[in-house]
Amino acid sequence: MNQINVLWVDDEIDLLKPHILFLQQKQYEVTTCLSGTEALELITQTKFDIVFLDENMPGLTGLETLSEIKEKNANLPVVMITKSEEEYIMEEAIGSKIADYLIKPVNPHQILLSLKKNLDHSRLISAKTSSSYQQEFRKIAMDMSMVNDYQEWIELYQKLIYWEIELENIEDTAMFEILESQKSEANHQFGKFLEKNYSDWFLPNVDAPIMSHNVFEENVVPHIDGAQPILFVVIDNLRYDQWKVLEPIINNYYKLEDESAYYSILPTATQYARNAIFSGLMPSDMEQLHPHWWKNDIDEGGKNQYENEFLGAQLKRLGLSHLQYEYHKITNLKAGKKLVENFKSKKSNDLTVIVYNFVDMLSHSKTEMEVIKELASNDKAYRSLTESWFKNSPLFEIIQQAQEFGFKLLLTTDHGTINVKHPSKVIGDRDTSLNLRYKTGRSLTYEHKDVLAVKQPKDVHLPSIAMSSSFIFAKNDMFFAYPNNYNHYVSYYRNTYQHGGVSLEEVIIPFAVLIPR
């Protein structure tokens, strides 16, 4: 251990000699002084790693000394030690960002624990996290070989996300690389699982997960009881791991009542999955029942322009046309701020629906803008950027207002995204769809091992652009590239976030039910 310099400030320092000897035996260098004034002088002359500060001293009090120390060196950890248990002292000290708070009399082991907590914290957590993941690694690998139903896949994916977020905070790149390899293998197995089971989920009397087309009826409608207004937020493109970094921020205002996961339909793309949420229908049924609202890939115009109409039709079909509801789609900052200003007027609604497009814009911007490519170069950075956006977004302000007005909050997404790394060659005619993670069209030529292929779209309730149209979905972290201008295309799209295909990140998505604190 490098030499750690401790400054201990107490007007009765002689009474603490046993404590100081104990720390010196543990190889800590301890400097002592009797007053706040003396402490401030020492801090300007010597680099200390931590300060133990008595609160009740003549002259400058502990709180006054603390304030002066923080002005000189905001990052120097200060542990306040006091005889008093008065709440205002504790609040003042905590408000001044103390590292710890101890009540006299303190014993040497309390002091040692505080030192380890504040100075060895990162190293100890890093070692413990690595060790715990090593133990868990074998269990995850074994689970992966045995998992054979949709709920087990949800649980396995949640476990992988948990470890990914735990490991990102430590500096053990070897462990992180092992996890990345495990995630890749999980996606490989998940692709096989969907290939085997996906089409069966649409057969009668088959045990199937909640999916895009029935998530509204199953997960939203039961909460609409007229007793409490509901705010239903769909953040486009929000992955499960991104939800887990937003959760602690929302947790200051809302308490998590229930968290579940559901499966996005294929393609895991906005025009399919989000329209399915609001219509309560699969794409081929939307095309058949609402041809004036549904657009196929090759049709001109926006593909998600009629979500409000789809929602109205679904509510009517469910016998809920009497509900007072509003639908809002936020695609830019100005629209978000306007909704913040007017949100109070939504209190009388039974249901207020907000589709928020920021994460979708972020993933598309990552493809187009070099600065976003730098800021979101990997999943850790992508999570961090999402968190930073959310903290400063109109959506966060809306959620804070919703808590104030007593709304129950239901928060979800339509599909996730995956960082694509490996190209897969595909050839199609000029009517083939353009998405990088799925293709639909006639006479598609592709690498069979890289895709989940659907020769008969009607089997999975997808529309056919032409009589012989099929769908292919990229597995794992593949993305489709045409042979023409192949190298340029590959270098442009590699390491960007895409959706539409088959991966845990795109398919398994969160649904959170939160109640106001």
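Mentor: We will go from the overall picture to helices, then to charged residues.

Trainee: What kind of model is this?

Mentor: This is a predicted model.

Trainee: How many helices and strands does the protein have?

Mentor: The protein has 20 helices and 19 strands. Along the principal axes, its C-alpha atoms fill a box of roughly 90 × 50 × 45 Å. Of the 517 residues, 53% are buried.

Trainee: How do I read one side of a helix against the other?

Mentor: Start with the general idea. An α-helix has 3.6 residues a turn, so residues three or four places apart point the same way. Now take the case of helix H1, residues 17-25, where His-19, Ile-20, Phe-22 and Leu-23 are buried. Seen down the axis, these buried residues fall within an arc of 160 degrees, so they line one face of H1. Lys-17, Pro-18 and Gln-25, on the other side of H1, are exposed.

Trainee: Which residues are buried in helix H2?

Mentor: In H2, residues 36-45, the buried ones are Gly-36, Ala-39, Leu-40, Leu-42 and Ile-43. They cover an arc of only 165 degrees around the axis, which puts them on the same side of H2. Thr-44 and Gln-45 are exposed on the other side of H2.

Trainee: Next, the charges. What makes a pair of side chains a salt bridge?

Mentor: The rule asks for a side-chain nitrogen of Lys or Arg within 4 Å of a carboxyl oxygen of Asp or Glu. By this rule the count comes to 29 salt bridges. One of them joins the side chains of Lys-183 and Glu-180, at 3.8 Å from N to O.

Trainee: Where do Lys-183 and Glu-180 sit relative to each other?

Mentor: Both belong to helix H8, residues 173-197, and because they are three residues apart there, about one helical turn separates them. Lys-183 is buried, with a relative accessible area of 9%, while Glu-180 is partly exposed at 27%.

Trainee: Which residue forms a salt bridge with Arg-239?

Mentor: Its partner is Asp-379, and the closest N and O atoms are 3.1 Å apart. Arg-239 lies in the loop between strand S6 (230-235) and helix H10 (240-250), and Asp-379 lies in helix H17 (residues 379-391), so the pair ties together parts that are 140 residues apart in sequence. Arg-239 is buried, with a relative accessible area of 1%. Asp-379 also counts as buried, at 11% relative accessibility.

Trainee: Which residue does Lys-346 pair with?

Mentor: Lys-346 forms a salt bridge with Glu-326, with the closest N and O atoms 3.0 Å apart. This pair links distant parts of the chain, 20 residues apart: Lys-346 is in the loop between helix H14 (333-342) and strand S9 (351-356), and Glu-326 is in strand S8 (residues 325-330). Is each one buried or partly exposed? Lys-346 is buried, at 7% relative accessible area, and Glu-326 is partly exposed, at 24%.

Trainee: Which residues are linked in a network of salt bridges?

Mentor: The network links Glu-164, Glu-168, Glu-180, Lys-183, Arg-239, Asp-241, Asp-379, Arg-383 and Glu-505. Two pairs we have discussed, Lys-183 with Glu-180 and Arg-239 with Asp-379, have their residues in this network.

Trainee: Which residues form the negative surface patch?

Mentor: Asp-149, Glu-152, Glu-155 and Asp-207 form it. Among them, Glu-152 is found in helix H7, residues 150-168. Glu-152 is partly exposed, with a relative accessible area of 32%.

Key: Residues are numbered from 1 along each chain as its sequence is written. This is a predicted model: local features need pLDDT of at least 70, side-chain atom pairs count only at pLDDT 80 or more; totals for chains, interfaces and linings use all residues. Side-chain values use heavy atoms; hydrogens and water are left out. Patches are made of residues with over 30% relative accessible area and no salt bridge: like charges are joined within 9 Å, nonpolar side chains (Val, Leu, Ile, Met, Phe, Trp, Tyr) within 5 Å. Accessible areas come from the Shrake-Rupley method with a 1.4 Å probe; for residues, only the protein chains shown count as cover. Lys and Arg count as positive and Asp and Glu as negative; His and the chain ends are not counted. The place of a charge is taken as NZ of Lys, CZ of Arg, CG of Asp or CD of Glu. Helices (H or I, at least four residues) and strands (E, at least two) are DSSP runs, numbered from the N terminus. Buried means under 20% relative accessible area, exposed over 50%, partly exposed in between (1.4 Å probe, protein chains only). The arc is that of the directions from the helix axis to the C-beta atoms.
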